[in-house]
Amino acid sequence: MDNRSRLMMFMRARCRGGSVGTEVDDMMQELWLRCQTVDVRAIGDPKSYLFRMAHNLVIDRVRQLERGRHYESDWAYVKDRLDGSADAALAERSLIARDRLRHLDARLNSVGERAALIYRQYRIEGVPQAQIAADLGVSLSTVEKDLRKAYEAVLAFREGPDEE
């Protein structure tokens with residue numbers, strides 16, 4: 001109780017968003033309850049221990065508030081999906097993404113069948129370049145050159161409008 005006002009100022013200063021009133025009072029109540037279970041004789045510096053407990057309570061409260069915000073955000077997304085209001089936008093984005101993927105695939109195929117195959121195996125399937133070279137019966141240098149061609153095609157697709 002001797003440190004109550006200092007503890008309250010300490011907690012207010014550390015709470016994100018400047019927690020006021022009841023929130024700090026709730027943390028003070030929680031701190032009081034936790035202090036009842038501590039054996040003060042086993043603590044070297046009780047005042048430091050008390051402020052460390054207060055700091056930990058503030059951290060716990062901030063984390064709890066963040067989880068609550070994420071929960072609310074996730075719930076709003078799910079609720080919108082259940083209401084059907086987001087279906088049109090989601091369908092449109094899906095169509096646009098499929099169309100872009102089709103154009104990217106065409107651009108990638110324009111550099112050659114082998115280069116496109118090497119790119120897909122290396123970047124999408126994660127096959128090492130040496131293994132690709134062995135499987136196709138070409139040199140590692142050829143795999144690297146074909147990858148360079150494919151990377152240039154993908155980069156050109158990302159940087160500019162599609163002429164197709």
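Modeller: Contact means heavy atoms within 4.5 Å of each other. This is a predicted model, in which local features need pLDDT of at least 70 and side-chain atom pairs count only at pLDDT 80 or more, while totals for chains, interfaces and linings use all residues. Residues are numbered from 1 along each chain as its sequence is written, and side-chain values use heavy atoms, with hydrogens and water left out.

Colleague: In what order do the elements of the protein chain run from the N terminus on?

Modeller: Helices (H or I, at least four residues) and strands (E, at least two) are DSSP runs, numbered from the N terminus. The protein chain has seven helices and zero strands. The order is α-α-α-α-α-α-α.

Colleague: What percentage of the 164 residues of the protein chain counts as buried?

Modeller: Buried means under 20% relative accessible area, with over 50% called exposed and anything in between partly exposed (1.4 Å probe, protein chains only). Of the 164 residues, the buried share is 24%.

Colleague: How are H5 and H6 oriented to each other?

Modeller: Axes are lines fitted to C-alpha atoms, for helices over the stretch in contact, and angles run from 0 to 180 degrees between N-to-C directions. Helix H5 (residues 113-124) and helix H6 (residues 129-136) pack at about 140°, with axes 10 Å apart. Angles under 35 degrees count as roughly parallel, over 145 as roughly antiparallel, 65 to 115 as roughly perpendicular and the rest as oblique. H5 and H6 are therefore oblique.

Colleague: How are H6 and H7 oriented to each other?

Modeller: Helix H7 covers residues 140-159, and its axis is 8 Å from that of H6, at an angle of about 110°. That pair is therefore roughly perpendicular.

Colleague: How many residues of the contact of H6 with H7 are nonpolar?

Modeller: Gln129, Ala130, Ile132 and Ala133 in H6 meet Leu140, Val143, Glu144 and Leu147 in H7. Ala, Val, Leu, Ile, Met, Phe, Trp, Tyr, Cys and Pro count as nonpolar, Asp, Glu, Lys and Arg as charged, and the others, Gly among them, as polar. Beside one polar and one charged residue, the nonpolar count is six.

Colleague: Which residues does Gln121 touch, leaving out those up to four places away in sequence?

Modeller: Gln121 lies in H5. At 16% relative accessibility, Gln121 counts as buried. Its partners beyond four places are Gly126, Val127 and Ile132.

Colleague: How far apart in space are Leu147 and Ala115, C-alpha to C-alpha?

Modeller: Leu147 is found in H7 and is buried, with a relative accessible area of 3%. Leaving aside neighbours within four places in sequence, Leu147 is in contact with Ile118, Tyr119, Tyr122 and Gln129. Leu147 and Ala115 are 32 residues apart in sequence, and their C-alpha distance is 6.2 Å.
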